[in-house]
Amino acid sequence: MWYFVVALVVVVTLIWQMTDLKARVVDLIARNLREPKGLVGHLVRIILGKGNASLENETVKHLNIQPDHKVLEIGFGPGIGLNAALEKVEHSSGKVYGIDISEQIVESAQRRFKEAIKRGKLEIRLGSAMELPYEDDLFNSVFHTNCYYFWPSLEQGISEMKRVLKPGGIMLTGLFYDALLTSTRKGFLKYGPNWRPELYIEKLKEGGFVDVAMETVTKPSGHTGHSYQVIFASKP
């Protein structure tokens, strides 16, 4: 009988250790989704670059960027959105700006976009959506993907976006709603509690934005399709 008890204790211990390890891994991923750091942050950046490339590019298309526009991306991550926006203003007077809270992300972007920065077409800064280091009424559009759910305060982030947008300027957010549901169930958004787009839309309206709406877009892909959501808002 005693060996059965010992075996049971061993099994329970192993299960507990495996469960604890899983929780640690989930927590590590969740932290690096919020702010990539170190090796795990590097891997998360690569995964996001592959998984969100289409979302970033589609989000930029919805902005209708004109050659002379000034455009800001908050939480630019791998830089796919920055690159797509740059293509819209490359041969004109327009300019793209990017801000991110991760030193690793900023340093990577500064290397990748070295030439664009030298030409004055792109400006990269380390900073937070809570305190945007830009003057009032500067941008024609502000956009972000997979970002607002990690903000310490939705109200403050929304207030800052509205401040730096020109009157009539557009704020646009891109997201994969189904992926958010899955990530939430798995615990990957434990540091992004305000992920629900319904809450974000409500806060945008309360913050003074107008024409606030969410649209689901389905893009064909072979014999199947994939959907993403965009949230639009305008500064009066």
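A residue is called buried under 20% relative accessible area, exposed over 50%, and partly exposed in between, using a 1.4 Å probe and protein chains only. The model is predicted: local features need pLDDT of at least 70, side-chain atom pairs count only at pLDDT 80 or more, and totals for chains, interfaces and linings use all residues. Residues are numbered from 1 along each chain as its sequence is written, and side-chain values use heavy atoms, with hydrogens and water left out.

**Exercise 1. Positive phi**

Task: Classify Asn64 and Asn146 by exposure, and examine the phi angle of Asn64 and of Asn146.

Solution. Step 1: place the residues. Helices (H or I, at least four residues) and strands (E, at least two) are DSSP runs numbered from the N terminus. Asn64 belongs to the loop between H3 and S1, and Asn146 to the loop between S4 and H7.

Step 1: apply the cut-offs. Asn64 is exposed because its relative accessibility is 54%. Asn146, at 25%, is partly exposed.

Step 2: read the backbone. Most residues other than glycine have a negative phi. In Asn64, phi is positive, near 55°; in Asn146, phi is also positive, near 50°.

**Exercise 2. Overall architecture**

Task: State how many helices and strands the protein has, and what share of its residues is buried.

Solution. Step 1: the protein contains nine helices and seven strands. Step 2: of its 236 residues, 43% are buried.

Step 1: consider contacts, meaning heavy atoms within 4.5 Å. Among contacts between residues at least 6 apart in sequence, 74% join residues at least 24 apart.

**Exercise 3. The nonpolar cores**

Task: Identify which residues touch the most other members of the largest nonpolar core, and which elements each supply at least two residues of this core.

Solution. A nonpolar core is a set of buried Ala, Val, Leu, Ile, Met, Phe, Trp, Tyr and Cys residues joined through side-chain atoms within 4.5 Å.

Step 1: find the central members. The largest core has 33 residues, and those touching the most other members are Leu72, Ile74, Trp151, Met161, Tyr200 and Leu204.

Step 2: assign the elements. At least two residues each come from strands S1 (70-74), S2 (95-100), S4 (139-145), S5 (165-175) and S7 (224-234), and from helices H7 (154-164) and H9 (197-206). H7 gives the most, with four residues.

Step 3: inspect one member. Beyond four places in sequence, Tyr200 touches His144, Tyr148, Trp151, Leu154, Ile158, Met161, Met171, Thr173 and Ile231. A second, separate core holds 25 residues, including Ile65, Val96, Ile105 and Ala109.

**Exercise 4. The H3-H4 pair**

Task: Describe the packing of helix H3 and helix H4.

Solution. H3 (residues 53-63) and H4 (residues 80-89) pack at about 35°, with axes 8 Å apart.

Step 1: list the contact. H3 contributes Ala53, Glu56, Asn57 and Val60, while H4 contributes Ile80, Gly81, Ala84, Ala85 and Lys88.

Step 2: take one pair across the contact. Ile80 is buried because its relative accessibility is 16%.

Step 3: extend to the helix. Seven of the 10 residues of H4 are buried: Ile80, Gly81, Leu82, Ala84, Ala85, Leu86 and Val89.

Note on methods: Axes fitted to C-alpha atoms, helices over the stretch in contact; angles between N-to-C directions.
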